[in-house]
Amino acid sequence: MVRISLEPYFLHQEQVIGLLGTERATLALERASRSISLPVATPHALATALAEALPALGIGELQKVLHERTLHVGQVVGIEQAFYFRRARERDRTGDKPVDFHATLNTDENVTISGTFNSSRLVVQSAAGNLSGRKPAYLIGTVTAWDGVNIELRPAFAGVRSFIEDEELATYGIASKRRVYPNEVDQFAGADFRRPANQNDLHALLATSEEAVKNAFASIIGEPYVPKDWGGEKSDLYSSRLRIHGRQVSTAWLFKGPGFPRPMTVKALGKNGDQIVRLFSEPAELLVLQHCHEITSAVVNMMETYAHDLRNPRKYMILDGSDTARILRSHGALKRPEQSVPTNAQQPQAPT
């Protein structure tokens, strides 16, 4: 069972109460009233109630909503990434100590997001350090302007979001990460992920068809049922045979082969990047994206965004060309090409 936890740095009480509704807000305020430190307890109680209500409130991840082209002014969204925060002292007035923030969206370099909040509403004074300079944060707020390039957001909450899967771990404040790395997979134990893939291996991978890579991974994880590709599939491979630290998990896989021999971008994943949308519609615990080359940070951030869907949080794994080559090589499934890679293919560089 996944539980969401919110640690507030900034919280606009009236806005959060409006999001929660009368019943949830009343219960939260009653909980706070039993504390001896009411000024601090109230925002924490409201943040706890907000965390509990998030899956039911329908607050989508901003990057996901934008990607699916449903973003509109007046919509309440959440976004988690790094922002630049600046205390705008030149605009101070009684009761209002503004902090400006801005960022380039981590899934689309052509979109910016900005806004302002009142630092007088910081939960504790020490929170100012967490919202100064370039810092990661989770924001919930209302879209006040959107012109196709610039998004303005009026925040109701800024702080830290965690996903906790085990109540025992929650006692110690241990948050579950969404990303799974290939060295955590039992079937990949023979691969040496500390050693970079060499140029020969990367060239051999570019000469290996997407179908051959799919069949190789199916064999490695022990999946005997490999579907043929067709236009309407949500994923290229579905299996419940992958094991992570001894635990069996269901997986849906998306493979991208030498037909796209260059760094993967969001636009490379189908029309409007909808292959990620379809992948995350599969009923799998772990979504796997594989490519024969580099996978850009925008794609990784998009996978991260979809994995944080508050109604159905999942985990994901990225296998770029280097990871793929190392895994296939360790299982003897990487064949040396009989001839050089076609001249129109961009030559990959071995990552360090």
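Visitor: What stands opposite Trp253?
Guide: Val288 in strand 11 does. Strands here are DSSP runs (E, at least two residues), and helices are runs of H or I with at least four, all numbered from the N terminus.

Visitor: Before we go on, what sort of model is this?
Guide: It is a predicted model: local features need pLDDT of at least 70, side-chain atom pairs count only at pLDDT 80 or more, and totals for chains, interfaces and linings use all residues. Residues are numbered from 1 along each chain as its sequence is written, and side-chain values use heavy atoms, leaving out hydrogens and water.

Visitor: Back to strand 11. How many bridges join it to strand 10?
Guide: There are 6, and the two strands run parallel. Strand 11 covers residues 286-291. Two strands pair if DSSP finds at least two bridges between them.

Visitor: Which sheet is that in?
Guide: An open sheet of 5 strands, in the order 8-12-11-10-9, with mixed pairing. Its edge strands are strand 8 (179-180) and strand 9 (237-244), each pairing on one side only.

Visitor: What does helix 7 touch there?
Guide: Helix 7 packs on the sheet and touches strand 9, strand 10, strand 11 and strand 12 (315-319). Contact means heavy atoms within 4.5 Å. The direction of helix 7 makes about 170° with that of strand 10. Axes are lines fitted to C-alpha atoms, for helices over the stretch in contact, and angles run from 0 to 180 degrees between N-to-C directions.

Visitor: And where does helix 9 lie?
Guide: Helix 9 (residues 297-307) lies across strand 8, strand 11 and strand 12, at about 165° to strand 12.

Visitor: New topic: rings. How many aromatic pairs are there?
Guide: The count is 12. Rings of Phe, Tyr and Trp (its six-membered ring) pair if their centres lie within 6.5 Å; planes under 30 degrees apart are stacked, over 60 edge-to-face, the rest tilted. One of the pairs is Phe217 with Phe255: tilted, 6.0 Å centre to centre, 40° between the planes.

Visitor: What does that pair tie together?
Guide: Phe217 is in helix 7 (residues 210-221) and Phe255 in strand 10 (residues 247-256), so the pair ties together parts 38 residues apart in sequence.

Visitor: Is Phe217 buried or exposed?
Guide: Buried, at 0% relative accessibility. Phe255 is buried too, at 2%. Buried means under 20% relative accessible area, exposed over 50%, partly exposed in between (1.4 Å probe, protein chains only).

Visitor: Where is His245?
Guide: In the loop between strand 9 and strand 10. His245 is exposed, at 61%.
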